[in-house]
Amino acid sequence: MRVLGVDPGLTRCGVGVVEGVAGRPLTMIGVGVVRTPADAELSHRLLAVERGIEEWLDEHRPEFVAVERVFSQHNVRTVMGTAQASAVAMLCAARRGIPVALHTPSEVKAAVTGSGRADKAQVGAMVTRLLRLAAPPKPADAADALALAICHIWRAPAQNRLQQAVALQTARTPKGRLA
């Protein structure tokens, strides 16, 4: 399974591609950051994020895109930019028919470190260890993107089984009746 992880942001949008399957060693295929100038118009920044993500999709051909689920922060301006960059990543994937999964920051931290409250340094250290890298990817947005991809590779099989079970139960339940 090849997954493009996207840590959305307008100034720095982390991107990372990881390949592998749950229970086996994972391989980093690529990691980077799509940057936009803070003083540029919002529309131009969103176009730059789109171009950057499209380049990653063209170059790495992922089977899935994992995006950090936007959560409410104290700074509304920051969360808006994050949400807009997140929407661009989802749009790019949807345009190509690539399935998108959203993972919360605490879900990603728990998957990679074992604790949903891990700090950026702990996430970076575990990403480095799990992918057998010489040093943590910089900036932290890049490491976070890899963590998203790792999280999806490890959690997707269980999520797929749950979705299949729900679909099967729904198919077995007569219309209009509760299960």
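Me: In which strand is the place of E68?

Reply: Helices (H or I, at least four residues) and strands (E, at least two) are DSSP runs, numbered from the N terminus. Here E68 lies in strand β4, residues 64-68. Please note that this is a predicted model, in which local features need pLDDT of at least 70 and side-chain atom pairs count only at pLDDT 80 or more, while totals for chains, interfaces and linings use all residues. Residues are numbered from 1 along each chain as its sequence is written, and side-chain values use heavy atoms, with hydrogens and water left out.

Me: Is E68 buried or exposed?

Reply: Buried means under 20% relative accessible area, exposed over 50%, and partly exposed in between (1.4 Å probe, protein chains only). With a relative accessible area of 16%, E68 is buried.

Me: Which residues are in contact with E68, leaving aside its neighbours within four places in sequence?

Reply: Contact means heavy atoms within 4.5 Å. On that basis, E68 is in contact with V6, D7, P8, S86, H103, P105 and L148.

Me: How many disulfides does a search of the whole structure find?

Reply: A disulfide is a pair of cysteine sulfur atoms within 2.5 Å. The search of the whole structure finds 0 disulfides.
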